[in-house]
Amino acid sequence: MAHEEITTADGEIVQQQHYSSGLATLNRGEVETQLDAAHKYPRSIAAFRSEATSLATLSKEVASACIYALPRGGKTLTGPSVRLAEICASAYGNLQYGARVVDVTDTEVVAQGVAWDLEKNVRVTVETRRRITGRNGKRYSDDMITMTGNAAASIALRNAIFRVVPRAYVDTIYAKVRETAVGN
């Protein structure tokens with residue numbers, strides 16, 4: 001708690017008390033501790049690539065979970081999944097990340113993903129929108145809206161992590177994942 005003296009127009013001295021938020025102080029302390037640790041223990045890119053590749057290719061099942069497949073317009077789109085993003089974030093180190101639903105409108109869910117590289121002080125926030133109405137225009141049930149929100153949060157998280165962890169590193173790991181999951 002801090003005190004500040006203020007002199008009024010008639011010369012009267014008034015003391016004001018400022019209460020700092022305990023939660024804000026706690027959060028600031030946690031972030032400062034994480035920043036200090038990030039600078040004290042910098043990442044090794046070689047160790048990151050080795051660990052992420054090892055974890056993502058541990059088995060065919062793990063590798064398969066690191067690939068998403070989405071049917072669109074008669075084709076199947078594939079790419080690195082949120083599972084690979086989580087493995088990369090963990091192996092990359094000095095990274096704080098998370099996702100949440102930030103809005104639900106009549107027709108869509110909006111989710112936000114955040115990734116913050118504490119070592120390089122690069123922070124990315126990504127929003128993803130997912131429709132919550134069927135082709136007939138009818139709104140999904142509450143359960144389906146929750147599931148769609150979770151999916152949007154996963155997509156936003158994946159996109160945020162892959163904007164902080166250099167994509168060139170991810171692509172190299174993803175190539176090994178594909179070899180393990182589906183072969184050459």
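Predicted model: local features only at pLDDT ≥ 70, side-chain atom pairs only at ≥ 80, totals over all residues.
Colleague: Why are α2 and α6 called roughly parallel to each other?
Modeller: The axes of α2 (residues 45-56) and α6 (residues 167-182) cross at roughly 30°. Angles under 35 degrees count as roughly parallel, so that label goes to α2 and α6. As for distance, these two axes come within 9 Å.

Colleague: Which residues in α2 and α6 meet?
Modeller: On the α2 side it's I45, F48, R49, A52, T53 and A56, and they meet Y169, T172, I173, K176 and V177 in α6. Sorted by class, that contact has seven nonpolar, two polar and two charged residues.

Colleague: And α2 with α4, how do their axes cross?
Modeller: At roughly 145°, with the axes coming within 8 Å. The crossing of α2 and α4 is right-handed. From α2, the contact uses I45, F48, E51, A52, L55 and A56, and from α4 it uses L84, I87, C88, A91 and Y92. By class, there are 10 nonpolar residues, no polar ones and one charged.

Colleague: What makes A89 count as buried?
Modeller: Its relative accessibility is 2%, and the cut-off for buried is under 20%, so A89 qualifies. A89 is found in helix α4. Setting aside neighbours within four places in sequence, A89 is in contact with L95, Y97 and I161.

Colleague: How far apart are the C-alpha atoms of A89 and F48?
Modeller: They are separated by 9.3 Å, while the two residues are 41 residues apart along the chain.

Colleague: T148 counts as what, buried or exposed, and how do you know?
Modeller: Buried: T148 has 10% relative accessibility, and anything under 20% gets that word. T148 is found in helix α5 (residues 142-164). Beyond its neighbours within four places in sequence, T148 touches R130, R131, I132 and Y140.

Colleague: On to the strands. How do you know that β3 and β4 pair?
Modeller: Count bridges: pairing takes at least two, and β3 (residues 67-72) and β4 (residues 75-80) have six, so they pair, in the antiparallel sense.

Colleague: What do β3 and β4 form, and what is the phi of G73?
Modeller: A hairpin, with two residues between the strands. G73 sits in the turn, and its phi is positive, about 55°.

Colleague: In what order do the strands of the open sheet come?
Modeller: The order is β5-β6-β7, three strands with antiparallel pairing.

Colleague: What makes β5 and β7 edge strands?
Modeller: β5 (95-104) and β7 (122-131) each pair on one side only. From one strand to the next, the twist averages 15°.

Colleague: How many bridges join β6 to β7?
Modeller: There are 10 between β6 (residues 108-117) and β7, and the two strands run antiparallel. D117 stands opposite V122 in β7.

Colleague: Which helix packs on that sheet?
Modeller: That's α4 (residues 82-92), touching β5 and β6. The direction of α4 makes about 140° with that of β5.

Technical notes:
Residues numbered from 1 in each chain as written. Heavy atoms only, no water. Axes fitted to C-alpha atoms, helices over the stretch in contact; angles between N-to-C directions. Helix = DSSP H or I, 4+ residues; strand = E, 2+ residues; numbered from the N terminus. Parallel < 35°, antiparallel > 145°, perpendicular 65-115°, else oblique. Contact = heavy atoms within 4.5 Å. Nonpolar A, V, L, I, M, F, W, Y, C, P; charged D, E, K, R; others polar. Buried < 20%, exposed > 50% of the residue type's maximum accessible area, 1.4 Å probe, protein only. Left-handed = near helix turned anticlockwise from the far one by under 90°.
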